[in-house]
Amino acid sequence: MPSALPIADPAPADGLITPASGAGDVPFGVYVHVPFCRVRCGYCDFNTYTASELRGVRRDDYAGHAVREIEWAARVLDRSGVPRRPVSTVFFGGGTPTMLPASDLVMILRAIDDTWGILPGAEVTTEANPDSVDESSLATLRAGGFTRVSYGMQSAVPHVLATLDRTHDPERVPLVVDLAKQQGLDVSLDLIYSTPGESLADWRTSLDAALACEPDHVSAYSLIVEDGTAMGRMVARGELPAPDDDLAADMYELADQVLGDAGYSWYEVSNWARGDQHASRHNLSYWKGHDWWGVGPGAHSAVAGTRWWNVKHPAAYANRVLSGESPAAGRETLDDETRYVERVLLAARVRGELATTELGQEARGRVAGLIARGLVDGPAAVRGRIDLTLQGRLLADAVVRELLD
């Protein structure tokens, strides 16, 4: 089942926030969570629901509920004294957003535009499964204002897909990539590595298959076996081997080499793009600490120094938005120390994003040691930036801990 929400302060029913100093000085984006999947993958602990788990709400009604929250958000910001800023990025995630009709996604996007205004040239992305789109739906999305699609490819190897409980035919991936390109959409492919039973040769097969599609962007994430998932229980019972850390490191190094040789540059630890223009601007907005409003069940928001997250089940969410009450389940106000920790934690993962001047005095003193150990790029540090080396990306969490201790 989906993981539990964080424990924090109760969220007020009116949703009002007190803006922190400097609020409104950063770009603003919108995330829309569409929590529906045809089947639940065994490794997934995201807030998603199959048809049998909905209980008390219909998937067909979801777009209307999302629009209600968007309209309610405008009133909350106005009453809180937070200026409405035009939207620079929109991201529909899930779940599988394209389980909804493309016209529903466009309806939600129009509500966002009506409420905040979408900037010219904004990035508008939807996630999709290879078997959840066709030529007609992609054409509707493009005509409705979408600019980018991110496909959950995960692997090109049938036995790896089976272990992940992915149901799409890997041979469909190049077809839907081509269909998206024909519509003028940017294309990203999401891959997962270190699946139980996956070999280095299997991973190379997936990388080669992804590159053969010539996507604009590739994400590669090491599988994390989460407690409470079907895969987690299978690993605990010894029915599946746990991912091997050394093999995962080899797979990451192989990905960086193969993608680099094909002209893709890393810009965040798990993300590569064919030029800066194809980097995910929405995801960069999270790593850079921008503001965003999260729409939908379980969605998280961060606006003007306050962070909150919505109730998880679609039925509970629908009840809240239809009654005009805040859908938030909890919230927290970020103090200066939390802001600093999160800034270092996230920005250190992004190439060229973290300045050495942002670090505390003790942390700046540790940079030389990180360079000597081959974890931080020396020339970049001389120029005042923290750039992780390949070895540093493999040990990114350890680097961050050292910068924060």
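A11, P12, G15, W72, V76, W293, W308, S326, A328 and R331 line the largest cavity in this structure, which is a predicted model. That cavity has a volume of about 50 Å³, and searching the whole structure turns up one cavity of 30 Å³ or more.

**The cavity**

- Two elements each give two or more residues to the lining of the largest cavity: helix 1 (62–80) and strand 12 (328–333).
- By class, the lining of the largest cavity splits into seven nonpolar residues, two polar ones and one charged one.
- Among the lining residues is W293, and this tryptophan brings us to strand 9, where W293 is buried.

- Strand 9 (residues 291–295) is mostly covered, with five of its five residues buried.
- Which way do the residues of strand 9 point? D291, W293 and V295 go one way, while W292 and G294 go the other, and all are buried.
- Strand 1 (residues 28–34) runs parallel to strand 9, and five bridges join the two.
- If you want a place to start tracing that pairing, take F28, whose bridge partner in strand 9 is D291.

**Helix 5**

- Helix 5 (residues 173–182) has V173, V176, V177, L179 and A180 as its buried residues.
- What covers the buried residues of helix 5? The cover includes helix 3 (135–143), strand 4 (148–154) and strand 5 (186–193).
- After helix 5 comes G184, and its phi is positive, near 85°.

**The second largest pocket**

- The second largest pocket has a volume of about 200 Å³.
- Its lining is made up of 13 residues, and W266, Y267, D276, A279 and R351 are the ones that lie nearest the centre of the pocket.
- Which element gives the most to the lining of the second largest pocket? That would be strand 7 (residues 265–268), with three residues.
- Sorted by class, the lining of the second largest pocket comes out as six nonpolar, three polar and four charged residues.

Note on methods. Residues are numbered from 1 along each chain as its sequence is written. This is a predicted model: local features need pLDDT of at least 70, side-chain atom pairs count only at pLDDT 80 or more; totals for chains, interfaces and linings use all residues. Side-chain values use heavy atoms; hydrogens and water are left out. On a 1 Å grid over the protein atoms alone, a cavity is a set of points where a 1.4 Å probe fits but cannot get out, and a pocket is an open set with protein on both sides within 12 Å along at least five of seven lines; lining residues have an atom within 4 Å of a point. Grid points are joined across faces, edges and corners, and a volume is the space filled by probe spheres set on the points. Helices (H or I, at least four residues) and strands (E, at least two) are DSSP runs, numbered from the N terminus. Ala, Val, Leu, Ile, Met, Phe, Trp, Tyr, Cys and Pro count as nonpolar, Asp, Glu, Lys and Arg as charged, and the others, Gly among them, as polar. Buried means under 20% relative accessible area, exposed over 50%, partly exposed in between (1.4 Å probe, protein chains only). Two strands pair if DSSP finds at least two bridges between them. Contact means heavy atoms within 4.5 Å.
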